[in-house]
Amino acid sequence: FLQTIFGKKVTIVPVIIGEPNTKITLLLARAIAAMSEKYDRKYLFDAASDLSKGVSLDTCREKDAEFIKFFEQNHGDHLSEAFYMKQFIAFGGGGIVSLQRLSEIVGGKKTKVLMTDNSSTVTDDPYHVDGYCSAMWW
């Protein structure tokens, strides 16, 4: 999607981390911060993740809304701990925590949830629903 809009002006580097392990997410955040300081460029960081998995539509909406509220606090340590304690499920949680940690390192001030959705909008099945989220930091 982003390359369609910006063409060759944008380079996309996909990173996939499922586990929000503190050591790995800190190392990744520090490596990206070092890279961004080295080059005089603007960066936009995006993460997408599955959230709730195989739950009812009501449960999906409730749990995903709780996650978004928690996420918008933009605090990597707290979110990492919440994942560890199984307070939330996110199958891209490691990427989300890494980017929150990166935002803290580079002084990022803005976090925006771009979109949340769930599988029932396509399948019309309100009993076995998966939630989704996409967010950006800058």
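Predicted model: local features only at pLDDT ≥ 70, side-chain atom pairs only at ≥ 80, totals over all residues.

Reader: Why are H2 and H5 called oblique to each other?

Author: Angles under 35 degrees count as roughly parallel, and 65 to 115 as roughly perpendicular. The angle here is roughly 50°, so H2 and H5 are oblique to each other. As for handedness, H2 passes H5 in a right-handed crossing.

Reader: Which residues in H2 and H5 meet?

Author: On the H2 side they are Thr-22, Thr-25, Leu-26, Leu-28, Ala-29, Arg-30, Ile-32, Ala-33 and Ser-36. In H5 they are Gly-94, Val-97, Ser-98, Arg-101, Leu-102, Ile-105 and Val-106. Sorted by class, this contact has nine nonpolar, five polar and two charged residues.

Reader: What makes H4 roughly antiparallel to H5?

Author: Helix H4 (residues 76-84) packs with H5 at an angle of about 160°, and their axes are 8 Å apart. Angles over 145 degrees count as roughly antiparallel, and therefore H4 is roughly antiparallel to H5. Their crossing is left-handed. The H4 residues that meet H5 are Gly-76, Asp-77, Leu-79, Ser-80 and Phe-83. Their H5 counterparts are Gly-93, Ile-96, Val-97, Gln-100, Arg-101 and Glu-104. By class, the contact of H4 with H5 has four nonpolar, four polar and three charged residues.

Reader: And why are H3 and H4 described as roughly antiparallel to each other?

Author: H3 and H4 pack at an angle of about 150°, with axes 10 Å apart. That angle is set against the cut-off of 145 degrees, so this pair is roughly antiparallel too. Phe-67, Phe-70 and Phe-71 of H3 make the contact with His-78, Leu-79, Ala-82 and Phe-83 of H4. It has six nonpolar, one polar and no charged residues.

**A link across the chain**

Reader: How do you know that Asp-130 forms a salt bridge with Lys-53?

Author: The closest N and O atoms of Asp-130 and Lys-53 are 3.3 Å apart. A salt bridge needs them within 4 Å, so the pair meets the rule. Asp-130 lies in the loop between H6 and strand E3 (131-137), and Lys-53 in the loop between strand E1 (45-50) and helix H3 (57-71). The two are 77 residues apart, so to speak linking distant parts of the chain. By this rule the count comes to three salt bridges.

**Confidence**

Reader: Where is confidence lowest and where is it highest?

Author: It is lowest in helix H1 (residues 2-6), at a mean of 70, and highest in helix H6 (residues 120-123), at 93. The protein chain averages a pLDDT of 85, and 96% of the residues score at least 70.

Technical notes
Residues numbered from 1 in each chain as written. Heavy atoms only, no water. Axes fitted to C-alpha atoms, helices over the stretch in contact; angles between N-to-C directions. Helix = DSSP H or I, 4+ residues; strand = E, 2+ residues; numbered from the N terminus. Left-handed = near helix turned anticlockwise from the far one by under 90°. Contact = heavy atoms within 4.5 Å. Nonpolar A, V, L, I, M, F, W, Y, C, P; charged D, E, K, R; others polar. pLDDT = per-residue confidence, 0-100. Salt bridge = Lys/Arg side-chain N within 4 Å of Asp/Glu carboxyl O.
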